[in-house]
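Work through the exercises below with the sequence and the coordinates at hand. Each task is followed by a solution in steps.

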Amino acid sequence: MGAQIRSATENEEQVALTRNKLVLEQARAVGLLGAAKNTRLSGRVPSELIDAAKKRAHVTSDTELLELALSRLALEDDFGARLVGRKGSIPADIDLGV
């Protein structure tokens with residue numbers, strides 16, 4: 001049982017690290033991340049929020065967390081909004097074959 005939990009935790013970490021890498025690569029590809037770090041961001045938030053976000057994202061530094069979070073937000077698509085916006089666009093009498 002312990003090995004299964006460890007394996008699941010390692011798998012979760014690997015998935016998070018791969019997802020993080022892909023997000024940052026995409027942000028770099030569209031010019032959101034580059035060599036220059038020319039802006040400082042400051043704010044007050046609960047330490048529990050930072051700790052939970054770092055744990056979930058499997059990052060250790062505040063900078064990593066901010067880059068990842070801001071990249072995800074900047075790259076977020078509008079799929080959910082578009083899907084909800086299509087509600088009712090298919091006629092009720094159409095045969096979906098289900």
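**Exercise 1: the faces of a helix**

On one side of α3, Leu-73 and Ala-74 are exposed. The model is a predicted one.

Task: determine which residues of α3 are buried, and how they are placed around the axis of α3.

Solution. Step 1: apply the cut-off for burial, under 20% relative accessible area. Leu-65, Leu-68 and Ser-71 of α3 are buried. Step 2: look down the axis of α3; the buried residues fall within an arc of 140 degrees, so they line one face of the helix.

**Exercise 2: the length of α3**

**Exercise 3: the packing of α2 and α3**

Task: describe how helix α2 (residues 47–57) and helix α3 (residues 62–75) pack.

Solution. Step 1: the angle is about 75 degrees, and the axes lie 10 Å apart. Step 2: angles of 65 to 115 degrees count as roughly perpendicular, and α2 and α3 are therefore roughly perpendicular to each other. Step 3: α2 contributes Ile-50, Ala-53, Lys-54 and Ala-57 to the contact, and α3 contributes Asp-62, Leu-65 and Leu-68. Step 4: sorted by class, this contact has five nonpolar, two charged and no polar residues.

How values were computed
Residues numbered from 1 in each chain as written. Predicted model: local features only at pLDDT ≥ 70, side-chain atom pairs only at ≥ 80, totals over all residues. Heavy atoms only, no water. Axes fitted to C-alpha atoms, helices over the stretch in contact; angles between N-to-C directions. Helix = DSSP H or I, 4+ residues; strand = E, 2+ residues; numbered from the N terminus. Parallel < 35°, antiparallel > 145°, perpendicular 65-115°, else oblique. Contact = heavy atoms within 4.5 Å. Nonpolar A, V, L, I, M, F, W, Y, C, P; charged D, E, K, R; others polar. Buried < 20%, exposed > 50% of the residue type's maximum accessible area, 1.4 Å probe, protein only. Arc of directions from axis to C-beta.
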